[in-house]
Amino acid sequence: MIADVLAETTSRMTRAVDAAKEDFATVRTGRANPQMFQKVLVDYYGTPTPLAQLASLANPEARSLIITPYDKSALKAIEQAIRDMPNLGANPSNDGSIVRVTMPELTADRRKEYVKIVKAKGEDAKVHVRGIRRKAKDELDALKSELGEDEIARGEKELDALTRQHVDLIDDALKRKEAELLEV
């Protein structure tokens, strides 16, 4: 029973770490990266649609990205969605068949601002992992009547080790992203 709770908790914490890494990837660095556009939602015939479902993204140069829509009628909507995306700072232009996005050079102040954003996202992810831990601890406490307190205490120690491990993974990803952002 304890093993089941820990296995489910591990799975949920791993998904939380993966979500945090994906979230970090959406914050731009000095280079254009198709992952930065993962959360861009385009108003496509009245429905918010992820950009990746409407177009292919290519990265021909370090600071530019070419977006080729599958449906040419979505060009204006794609361009507007990119322009409206917060914390991206990109200015797209279209030539009638593709959207070209050139990322401006980041200033030192803007880099520091992005580091703050990434740290906030990292803290949110850690809070989420701790919330998962709290739920798992409640599940273990509910098993106290069926199992001995020693078994529950052992399970809680394993749970704490899992939590520490996943928080460390988030911290490592955060440090890598911070170094990437501050790199000139």
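Colleague: Is H166 buried or exposed, and what is its relative accessible area?
Modeller: In this predicted model, a residue is termed buried under 20% relative accessible area, exposed over 50% and partly exposed in between, using a 1.4 Å probe and protein chains only. H166 is buried, because its relative accessible area is 3%.

Colleague: What pLDDT do side-chain atom pairs need in order to count?
Modeller: Residues are numbered from 1 along each chain as its sequence is written, and side-chain values use heavy atoms, without hydrogens or water. In this predicted model, totals for chains, interfaces and linings use all residues and local features need pLDDT of at least 70, whereas side-chain atom pairs count only at pLDDT 80 or more.

Colleague: Which residues beyond four places in sequence are in contact with H166?
Modeller: H166 is found in helix α5, residues 149-182; helices (H or I, at least four residues) and strands (E, at least two) are DSSP runs numbered from the N terminus. Contact requires heavy atoms within 4.5 Å. Leaving aside neighbours within four places, the contacts of H166 are T10, M13, T14, V17 and V129.

Colleague: How are helices α1 and α4 oriented to each other?
Modeller: Helix α1 (residues 2-25) and helix α4 (residues 108-142) have axes 10 Å apart, at an angle of about 170 degrees. Axes are lines fitted to C-alpha atoms, for helices over the stretch in contact, and angles between N-to-C directions run from 0 to 180 degrees. Under 35 degrees counts as roughly parallel, over 145 as roughly antiparallel, 65 to 115 as roughly perpendicular and the rest as oblique. The angle therefore makes α1 and α4 roughly antiparallel.

Colleague: In what order do the strands of the open sheet lie?
Modeller: Two strands pair if DSSP finds at least two bridges between them. Strands β5 (residues 91-94) and β6 (residues 99-102) are antiparallel over 4 bridges, and 4 bridges also join β4 to β6. The edge strands are β3 and β5, each pairing on one side only. The order of the 4 strands is β3-β4-β6-β5.

Colleague: What class of aromatic pair do Y44 and Y45 form?
Modeller: Rings of Phe, Tyr and Trp (its six-membered ring) pair if their centres lie within 6.5 Å; planes under 30 degrees apart count as stacked, over 60 as edge-to-face and the rest as tilted. The rings of Y44 and Y45 are 4.8 Å apart centre to centre, with 65 degrees between the planes, and the pair is edge-to-face.

Colleague: What phi does Y45 have?
Modeller: Most residues other than glycine have a negative phi. Y45 is found in the loop between β1 (41-44) and β2 (47-50) and is exposed at 66% relative accessibility. Although Y45 is not a glycine, its phi is positive, at about 50 degrees.
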